Each structure stands twice: as structure tokens, then as C-alpha cells.
Amino acid sequence: MPSLSIAPGQTLVATGSQDGSIYLWESTTGDRIMVLKDAHKGDVTGVSFNSDASVLASCGEDGNLVLWDLRRMSDRVRHRYLESHGAC
């Protein structure tokens, strides 16, 4: 099942897909602005922005919770926060 999050007070939308990718969209135009390929192995089961949309958390069938620093995406910074067994 796809996952979706809307950034608080902004027009940024994140969706997670079954191929392990995360897509960032501009909601007013429908334009895809970024793809985070291979964010997870298997389905992305959840995505959620923090209160100022500077960090996106994603969770996958691989059991990983990943924090994405969206302020530094040109560097493609990501931090694996938790690894567990099973879906998170």
C-alpha cells in the first residue's frame, strides 16, 4: 500500500512506493521535484515530515526507519536511525 505525507503549512508532498522509492511532489502544480531511489528494500510503508518539513522520516518493509535531511538533499544525506526485524 502506498504511503503519503503532506508537509505542514507547505505545498510539499511525499509519497512512498512499492519499489522502495520516495517521491517528492509540488502539490500546487503536480510536478515531481525529487526521487529518492532505493530508499528502502521493498515497500515504503510510511513517510512523515517534521513540523518545518526539514526532515522526512521513512519506514519500509525492510524494517528500517530512515531520516532524510531535506535541507541538504543536494548531498543526498540520509541517516539510518533504526534497524529492526519485520516491517516498521
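This is a predicted model: local features need pLDDT of at least 70, side-chain atom pairs count only at pLDDT 80 or more; totals for chains, interfaces and linings use all residues.
A nonpolar core is here a set of buried Ala, Val, Leu, Ile, Met, Phe, Trp, Tyr and Cys residues joined through side-chain atoms within 4.5 Å.

**Stop 1: the core**

Select Ile22, Leu24, Phe49, Leu56, Trp68 and Leu70, and show their side chains. These are the residues with the most contacts inside the largest nonpolar core, which has 15 residues. Now colour the strands β2 (12–16), β3 (22–26), β5 and β7 (64–69): these are the elements that give two or more residues to this core. Strand β5 gives the most, with three residues. As background, nonpolar side chains in soluble globular proteins tend to be buried together.

**Stop 2: Phe49**

Keep Phe49 and display its surroundings. Leaving out neighbours within four places in sequence, Phe49 is in contact with Ser5, Ile6, Ala7 and Pro8, with Leu12, Val13 and Ala14, and with Leu24, Val55, Leu56 and Leu70. Leu24, Leu56 and Leu70 have already been selected as residues with the most contacts in the core, as has Phe49 itself.

**Stop 3: Gly46**

Move along strand β5, residues 44–49, to Gly46. Which residues does Gly46 touch, not counting those up to four places away in sequence? They are Ser3, Ala57, Ser58 and Cys59. Then pick the C-alpha atoms of Gly46 and Gly60: they are separated by 6.8 Å, with the two residues 14 apart along the chain.

**Stop 4: the whole chain**

Zoom out and switch to a cartoon. The chain has eight strands and zero helices, so the order of elements from the N terminus on is simply β-β-β-β-β-β-β-β. Colour by accessibility next: of the 88 residues, 41% count as buried. Among contacts in the chain with a separation of 6 or more, 33% are between residues 24 or more positions apart.

**Stop 5: the four-stranded sheet**

Select β1 to β4. They make an open sheet of four strands in the order β1-β2-β3-β4, with antiparallel pairing. Which strands stand at the edges? They are β1 (3–6) and β4; each has a single partner strand, so one side of each is left without a neighbour in the sheet. On average, neighbouring strands of this sheet are turned by 20 degrees against each other, direction ignored.

Inside the sheet, look at β2 and β3, which are joined in the antiparallel sense over five bridges. Centre on Ala14 to find one of the residue pairings: its bridge partner in β3 is Leu24. Both Ala14 and Leu24 are also among the contacts of Phe49.

**Stop 6: Tyr23 and Trp25**

Tyr23 and Trp25 form it, at 6.2 Å centre to centre and with 35 degrees between the planes, which makes the pair tilted. Tyr23 is buried, at a relative accessible area of 15%, whereas Trp25 is partly exposed at 28%.

**Stop 7**

Val55 has Asp69 in β7 as its bridge partner. Three residues lie between the strands of this hairpin, and Gly63 in the turn has a positive phi of about 85 degrees.

**Stop 8: the salt bridge**

From Asp69, step to Arg71. How many salt bridges does the structure hold? The count is one, and it links the side chains of Arg71 and Asp69 at 3.2 Å, N to O. Are its two residues buried or exposed? Arg71 is exposed, with 63% relative accessibility; Asp69 is buried, with 12%.

**Stop 9: two positive phi values**

Most residues other than glycine have a negative phi. Asp38, in the loop between β4 (31–36) and β5, has a positive phi of about 55 degrees although it is not a glycine. With 56% relative accessibility, Asp38 counts as exposed, while Ala53 is buried at 9%.

Methods: Residues are numbered from 1 along each chain as its sequence is written. Side-chain values use heavy atoms; hydrogens and water are left out. Contact means heavy atoms within 4.5 Å. Buried means under 20% relative accessible area, exposed over 50%, partly exposed in between (1.4 Å probe, protein chains only). A salt bridge is a side-chain nitrogen of Lys or Arg within 4 Å of a carboxyl oxygen of Asp or Glu. Rings of Phe, Tyr and Trp (its six-membered ring) pair if their centres lie within 6.5 Å; planes under 30 degrees apart count as stacked, over 60 as edge-to-face and the rest as tilted. Two strands pair if DSSP finds at least two bridges between them. Axes are lines fitted to C-alpha atoms, for helices over the stretch in contact, and angles run from 0 to 180 degrees between N-to-C directions.
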